[in-house]
Amino acid sequence: MFKANYCGYNLSNPDHDVIYRPNGSGDYLFLLFQTPMEILRPRTGQHAQPGACILYPPGLCQHYRAVREFRNSFVHFSADPEMIAPYAVPENTVFYPGNQEEINYILRQIYSEYLTKDLHYERKITALIHLLLIAVSRDLTQASQHRGEDLPLLLLFQNARLQILSHCEEEWSTERMCRLVNLGKSQFFSYYKLFFHSTPKAELLAARLDRAKDLLTNEAMQVQQAAALSGFHSLPHFTKYFKEMCGCTPSEYAEHRTRPDQEKT
């Protein structure tokens, strides 16, 4: 479990202020700089521009100063290193996430929970720190996998993908999907495969199947209704595809889900 020891959101210190903790703060420190900073290290320094982040591990010197104005968001937290390792967030390294607004928003939520201490706040802070590390990990992975010029296009495709899958019951022609990113058919499918390692058709069918399975748990729902509401407009095609993917017909699935076998008494 993560434990927030202290945090701040968009907080200011005096101009040119210096933070110097030669032995660290005894915990992890995640920082998002809102103003230019200089990271001070033995015999060298590194400038960090607004939007830069750094994760200091326990026991490591924390030494930085504002170039002029001092403003940042941060969270000091305790955790076992095994909880941090899966996210592969670089330690004691300045990096510039492309999703700065998301990270800033999560830090604001952590700060709010830390101050108000509402019901279950400790559990929520744990969940939020997980979200923070996930956001950083995803951003760094995407940045390493794609060239810088591809990143704006990746964001465009992510938004398009979300729109398609969240409205999977609608009719999604190739032309309609291509219009979401203003690309031709060939480029659209090439980039989709590059970014998501799948095809829009495969992901759309999977999303429709998930929705149909959920609808079939409603005893008031007919199979044909569930199919139509999930985007399957041909009942024979729906039944065939459902059996291929689930190993049973939609009717059998609904019967099992809504009326599970009871132990004999």
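User: Why is phenylalanine 157 called buried?

Analyst: The model is a predicted one. Buried means under 20% relative accessible area; phenylalanine 157 has 1% relative accessibility, so phenylalanine 157 counts as buried.

User: What makes phenylalanine 188 buried or exposed?

Analyst: The relative accessible area of phenylalanine 188 is 0%. The limit for buried is under 20%, and therefore phenylalanine 188 is buried.

User: Why is the pair of phenylalanine 157 and phenylalanine 188 called stacked?

Analyst: A pair of aromatic rings is described by the distance of the centres and the angle of the planes. Rings pair if their centres lie within 6.5 Å, and planes under 30 degrees apart count as stacked. The centres of phenylalanine 157 and phenylalanine 188 are 5.6 Å apart and their planes stand at 25 degrees, so the pair is stacked. By the pairing rule, the count comes to 19 aromatic pairs.

User: Which parts does the pair of phenylalanine 157 and phenylalanine 188 tie together?

Analyst: Phenylalanine 157 belongs to helix H4 (residues 151-166) and phenylalanine 188 to helix H6 (residues 185-196), so the pair ties together parts 31 residues apart in sequence.

User: What makes tyrosine 191 and phenylalanine 195 an aromatic pair that is stacked?

Analyst: Their rings are 5.6 Å centre to centre, with 25 degrees between the planes; the limits are 6.5 Å for pairing and under 30 degrees for stacking. Both residues lie in helix H6, four residues apart, about one turn of the helix.

User: Why does tyrosine 191 count as partly exposed, and why does phenylalanine 195 count as buried?

Analyst: Buried requires under 20% and exposed over 50%, with partly exposed in between. Tyrosine 191 is at 22% and so counts as partly exposed, whereas phenylalanine 195, at 7%, counts as buried. Phe157, Phe188, Tyr191 and Phe195 are among the members of one aromatic cluster, including also Phe189, Tyr192 and Phe196.

User: How do you know that the charged end of arginine 176 sits over the ring of tryptophan 172?

Analyst: The distance criterion is within 6 Å of the ring centre, with a further limit of within 35 degrees of the ring normal. The charged end of arginine 176 is 3.6 Å from the centre of the tryptophan 172 ring and sits over that ring. Lysine 117 lies over the face of tyrosine 114, at 4.3 Å from the ring centre.

User: What makes strands S4 and S7 a pair?

Analyst: Pairing requires at least two bridges, and three bridges join S4 (residues 37-41) to S7 (residues 62-66), which run antiparallel. Glutamate 38 has arginine 65 in S7 as its bridge partner.

How values were computed
Residues numbered from 1 in each chain as written. Predicted model: local features only at pLDDT ≥ 70, side-chain atom pairs only at ≥ 80, totals over all residues. Heavy atoms only, no water. Helix = DSSP H or I, 4+ residues; strand = E, 2+ residues; numbered from the N terminus. Phe/Tyr/Trp six-rings, centres within 6.5 Å; stacked < 30°, edge-to-face > 60°. Buried < 20%, exposed > 50% of the residue type's maximum accessible area, 1.4 Å probe, protein only.
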